[in-house]
Amino acid sequence: MTQATQTQTQTGFSPTFTHLVSKEGGVKYPLKALHVCEETFSPLEVAYDYDAIRRQVTRETIQAGPNSIWRYKAFLPVESENPIDVGTGMTPLVKSHRLARRLGLKNLYIKNDAVNMPTLSFKDRVVSVALTRAKELGFTTVSCASTGNLANSTAAIAAYAGLDCCVFIPADLESGKVLGTLIYNPTVMAVKGNYDQVNRLCCEVGNTYGWGFVNINLRPYYSEGSKTLGFEVAEQLGWKLPDHIVAPLASGSLYTKIYKGFQEFVKVGLVEDKPVRFSGAQAEGCSPIATAFREGRDFVTPVKPDTIAKSIAIGNPADGYYALEIARKTNGNIESVNDAEIIEGIKLLAETEGIFTETAGGTTVAVLKKLVEAGKIDPEETTVVYITGNGLKTQEAVQEYIGQPLFIEPKLDSFERALERSRTLDRLEWQQVLV
């Protein structure tokens, strides 16, 4: 009797994930803490029984489920009837008006994970799945290699779940993200090196200590959480797929899993199939996937990161090859923008839609703008741009590029002089724009 069958017999819940499989060669593995195929050295991912999902799930059962990622539990690699649920997911899909008008688009939507719970980034999705599976596999200590958001999520959700936690971050991380991890009282290791060096150290630690690293030995389960960003968009669009998505690229996992999520909804009959174009966004200071796309290569050459967009600064992206494959076969694009454009992207989203995003979101908005200006987005297309983190975490990036408060005396005439000065400055700025 398999572990999944035992769970079904004992609890009445029927898991639908069946095994791990290598992305190259299709080699099957048991549902353990494994992430690389020993034969092909390709990543492992979770395989499902889609007939079983089809028997369990309808639009109505999903809508009757919890207001979190766990409404899609049949599509996720967990056995427990009570997964770790901290209210993650079901974030707003905002119909853009002012940003859309500014860019000349008619059907632009913003998937806003800047307000995701509990730590204000999409990483709460993947960590909720990974730590649920970690507990099922018997881990008592969990960890991660992180550029910031993942450390926040792992520390917070581990605290909720009662798991010991030790996270690894680059030593030069933004202070908001460091504080946002330390508050949950994990052990934090600040490594004097970039993310790729942190990740290599974590592989050694995982092999030595037997901890559950969410983005290493638990990666096949962890990455499945990103599919919920595809599921939610399809449901929120009225059980329809968009025409075009624009998402940030770091390791490439988020991008490829949104694609997998759309495909799974088609496979089980929840949405009608249609072409969806996939475009990706990188910062020029760490753009190995965008460079490979531009040069027509099917391989990604690692780079050393040098950008303010630290949360997507992965110089050796594990899923870069698969991101390239998806962009090309869907007639999408992968573009990069410089740090100045990233800052402008943050400001543009904030002043048009009232959403304060971090540097990853600024990168995505800047690439969206770049694609529109290059004629690579049809104004009539239903386009969804993914905003994956909150700007309160990376305030240093924009601190020098925004205005200052007007200091006044508690008197009406002081207020009126300041107001006139403010209006004069606004007029001068508009005149500079017109020139």
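Analyst: This is a predicted model.

User: What makes tyrosine 72 and phenylalanine 231 an aromatic pair, and why is the pair called tilted?

Analyst: A pair of aromatic rings is described by the distance of the centres and the angle of the planes. For tyrosine 72 and phenylalanine 231 the centres are 5.2 Å apart and the planes make an angle of 50°, so the pair is tilted.

User: How do you know that this pair links distant parts of the chain?

Analyst: The two residues are 159 residues apart. Tyrosine 72 belongs to the loop between helix 3 (59–63) and strand 4 (93–95), whereas phenylalanine 231 belongs to helix 10 (residues 227–236). Both residues are also members of one aromatic cluster, formed by Tyr72, Phe75, Phe231, Trp239 and Phe265.

User: Why are tryptophan 211 and phenylalanine 213 described as stacked?

Analyst: Their ring centres are 6.4 Å apart, which is within the 6.5 Å limit for a pair. The planes meet at 20°, under the 30 degrees required, so this pair is stacked. Phenylalanine 213 has a relative accessibility of 1% and counts as buried. The structure holds 14 aromatic pairs.

User: What makes helix 10 mostly covered?

Analyst: Nine of the 10 residues of helix 10 are buried. Among them are Lys227, Leu229, Phe231, Glu232 and Glu235. After helix 10 comes glycine 238, with a positive phi near 80°.

User: Is threonine 141 buried or exposed, and what does it touch?

Analyst: Threonine 141 is buried, because its relative accessible area of 16% is under the 20% limit. This residue is found in strand 6 (residues 141–145). Apart from neighbours within four places in sequence, threonine 141 is in contact with Asp164, Trp211 and Gly212.

User: Why does tyrosine 29 count as buried, and which residues does it touch?

Analyst: Its relative accessibility is 13%, which is under 20%, so tyrosine 29 counts as buried. Tyrosine 29 is placed in strand 2 (residues 28–29). Residues up to four places away in sequence are not counted; tyrosine 29 then touches His19, Leu20, Leu34, Cys37, Glu38, Glu39 and Leu44.

User: For the protein as a whole, what is the secondary structure, and why is the protein called as compact as a globular protein of its length?

Analyst: The secondary structure comes to 16 helices and 13 strands. The radius of gyration is 22 Å, close to the 22 Å that the globule rule gives for 435 residues, so the protein is as compact as a globular protein of that length. Of the 435 residues, 57% count as buried. Where contacts join residues at least 6 apart in sequence, 71% are between residues at least 24 apart.

How values were computed. Residues are numbered from 1 along each chain as its sequence is written. This is a predicted model: local features need pLDDT of at least 70, side-chain atom pairs count only at pLDDT 80 or more; totals for chains, interfaces and linings use all residues. Side-chain values use heavy atoms; hydrogens and water are left out. Helices (H or I, at least four residues) and strands (E, at least two) are DSSP runs, numbered from the N terminus. The radius of gyration is taken over C-alpha atoms; the globule rule is 2.2 Å times the number of residues to the power 0.38. Buried means under 20% relative accessible area, exposed over 50%, partly exposed in between (1.4 Å probe, protein chains only). Contact means heavy atoms within 4.5 Å. Rings of Phe, Tyr and Trp (its six-membered ring) pair if their centres lie within 6.5 Å; planes under 30 degrees apart count as stacked, over 60 as edge-to-face and the rest as tilted.
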